[in-house]
Amino acid sequence: MAWNPFQDITNTKPLFLAVYSTVVVGIVFSTFYVVSSLYPGKLVYSGTWSSSPPFSREDSFQREYAPRLIPPSQDIVSNVSTARQTEVAMHTSNKESMFTRTIWDVPSASTEMPDLKSFQLTKEMINSRAKDNIIIVTFGNYAFMDFIINWVKHLTDLRVFNLLVGAMDTKLLEALYWKGVPVFDMGSNMNTIDVGWGSPTFHKMGREKVILINAILPFGFELLMCDTDMVWLKNPLPYFSRFPGADVLTSSDQVIPTVVDDSLEIWQQVSGALNIGIFHWRPTDSSKKLAKEWKEMLLADETIWDQNGFNELMHRSLGPSVDEEPGLVYAFDGNLKMGILPASIFCSGHTYFVQAMFQQLKLEPYAVHTTFQYAGTEGKRHRLREAMVFYDQPEYYDSPGGFLSFKPNIPRSLLLDGEHTVVSHFSLINFQLKQIRTALAIASLLNRTLVMPPLWCRLDRLWFGHPGVLPGTMTRQPFLCPMDHVFEVNVMLNGQGLTVEEFGPPINFREYSFLENPLLPEQVKESQLEVQVCDAISPNCMPKGTADGSGIIRLPKHSTEEVLKTVFSSYQHVKVIKFSSMEDAFGGFTDKVREDKFRNRVKRYVGIWCCVENRDRGHIYYDMYWDEKPGWRPVPPATPNEDRPPWYWSSILLSAPPRQRTERERERERERAMLMLISKQNLQLLWRNFKSSRFLQELC
């Protein structure tokens, strides 16, 4: 018969029974304690399992075994060590204080991620973050993580802490939680990638915004809703409090100032669309009615852009002015009171980066929103970097290979003389392009990151035909223009198909203000080498580029690839090499394969200027190698077939397979291609590829 320990126990004397029972209880308690220590936060003394993210292996294990757990007796609980009680109390406290602790107060590494249900938006959650009954909210997916961190950092630097961030995917929610940012789950199940303006997912994000507004307003809080691609430069809450009767205060795309102080825009003179990137809502009946109709409109028709829907509703009934509230106007249903924030201080991408309207009016800007730009998310980020209002990670400011900068030398005549025309604008830009092209070449050879120079423009860039600058705006000519006015910043940053095999290695770059950024570390500021480009025949121009007693290198003009590599191999430890000029600084590549790849890459770095008035195709392509085309002129494409970037024809000649076009089409393309490749260097390139290309043999 099998051994039965319980029968043996009952047959023993009472003393041994007591000892045996004590040992068994001790083993049970010890086992429970060890298990709970191995899985902190999983076992709690209420007799249930704490929650874990859904669809995990741990969650299925909990569902299976949680009902079998028996709550320990009060006697056992009372014998738990003080340390364990403290750990449990801390864990519970962390969960409860998730939305009340100080922003940037990172959760303890010993705690676990709370259940997603605890991140659901509730009135209690908002109340824990609100101040003076106001909550500031933005939202996004993981692709905008750095924008969101930047948004929060600027607010907390301004001592504004009544904020919440809506996470459209779990990856962002978890990342923000572990950084100490108050975040809630929007339940959107959004992709973590950049969705791109105008895409179906982009429109879905717009609808999520409207749904979120409808969720918050009934809780009774004032709501300042913001896009993530904007930055707060000054605490806006005192400004909004000046207009207590406003149901909605909204930003706009107005580019012509209607006021010269910090008053609300004169609504009768506003021609730009209302912009929903920054707007303040009070929980009034009128604003709730507006939010409800806006949501119903968007959910009924997925083709409507959320901003267009908002404008349509607000203009349904616009006027008259609200007599007792200067600057406000009746809108929407005739009862809602709306105010339009002044674009001079609640800045768009145009009033801030192009016009610098706040500077000209001597005002302090509250915010900048990266609208009116031409390079997607990468362009938005770069503009904020140019303005030194973007917080990058420390490694951004100390590239391993070091940096290269140069002083642009622009003749006064190119900047100021003559009329501001398409011709004078391109003359100015082309002069700068040639220097930047040289700098890109040297940076690529030295494996350094190029600090771009300030870029000067004579003409503005827009999406439609215009006379150079919009009448009524405060745009000065010339003006310091954003880099995306000329360059394809997104192509330069993410490659977009520019493989190393065909286009050579990427060339890293930084914004023109980089070396003046307060976040630049001291080791970079203090490690700089000046390079003066000089004529080789000058007695003070040292042909080997050795540094003189002042620590300055005098480098001969037209230095070749090998000379540059030799000279600067001794200065790889220097963080910043600063050229006095890039005019004639580079004599050319020695490695022709590398040169061809470099040319292929940088040709795609420039974009278009837009646009000549009264033309179907009024845009004009910038050309990185304009100076190699005799008689080059800035003219728009005359026909759709000519509407190609400058690099298009050479790519067709060098890569297109034969016999895929009619004889007439091939003849026309041959003529156009030969005109584009008329320069000596391109003809040499054509000849080198002649024997290996059946297509070229047929053309010739």
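Author: Keep in mind that this is a predicted model. The torsion about the S-S bond of C457 and C481 is about 60 degrees, so this disulfide is right-handed.
Reader: OK, and where in the chain do C457 and C481 sit?
Author: They link distant parts of the chain, 24 residues apart. C457 is in strand 14 (residues 456-457), while C481 lies in the loop between strand 15 (479-480) and helix 18 (489-494). Their S to S distance is 2.1 Å.
Reader: Are C457 and C481 buried or exposed?
Author: Both C457 and C481 are buried.
Reader: How many disulfides does the count come to?
Author: Three. Another one is formed by C534 and C541, with their sulfur atoms 2.0 Å apart. Those two cysteines, C534 and C541, are both buried.
Reader: Which hand does the disulfide of C534 and C541 have?
Author: Right-handed, because the torsion about its S-S bond is about 75 degrees.
Reader: And what about C610 and C611?
Author: A disulfide joins them too, with an S to S distance of 1.4 Å. The torsion of C610 and C611 is about -60 degrees, so that disulfide is left-handed. C610 has 7% relative accessibility, so it counts as buried, and C611, at 8%, counts as buried as well.
Reader: If you number the bonded cysteines in sequence order, what's the pairing?
Author: The pairing is 1-2, 3-4, 5-6.
Reader: Which residues are on each side of strand 1?
Author: I134, I136, T138 and G140 are on one side, and I135, V137 and F139 are on the other. All of them are buried, so to speak of faces, both are covered.
Reader: Which strands run alongside strand 1?
Author: Strand 4 (residues 222-226) pairs with strand 1 in the parallel sense over four bridges, and L223 in strand 4 is the bridge partner of I135. Strand 2 (residues 163-167) also runs parallel to strand 1, joined by five bridges. There, V165 is the bridge partner of T138.
Reader: How does the chain get from strand 1 to strand 2?
Author: The chain crosses through helix 7 (residues 145-157), and this β-α-β crossover is right-handed.
Reader: Last one: is C226 buried or exposed?
Author: C226 has 0% relative accessibility, so it counts as buried.

Technical notes:
Residues are numbered from 1 along each chain as its sequence is written. This is a predicted model: local features need pLDDT of at least 70, side-chain atom pairs count only at pLDDT 80 or more; totals for chains, interfaces and linings use all residues. Side-chain values use heavy atoms; hydrogens and water are left out. Buried means under 20% relative accessible area, exposed over 50%, partly exposed in between (1.4 Å probe, protein chains only). Helices (H or I, at least four residues) and strands (E, at least two) are DSSP runs, numbered from the N terminus. Two strands pair if DSSP finds at least two bridges between them. A crossover is right-handed if, with the strands pointing away from the viewer, the path from the first strand over the helix to the second runs clockwise. A disulfide is a pair of cysteine sulfur atoms within 2.5 Å.
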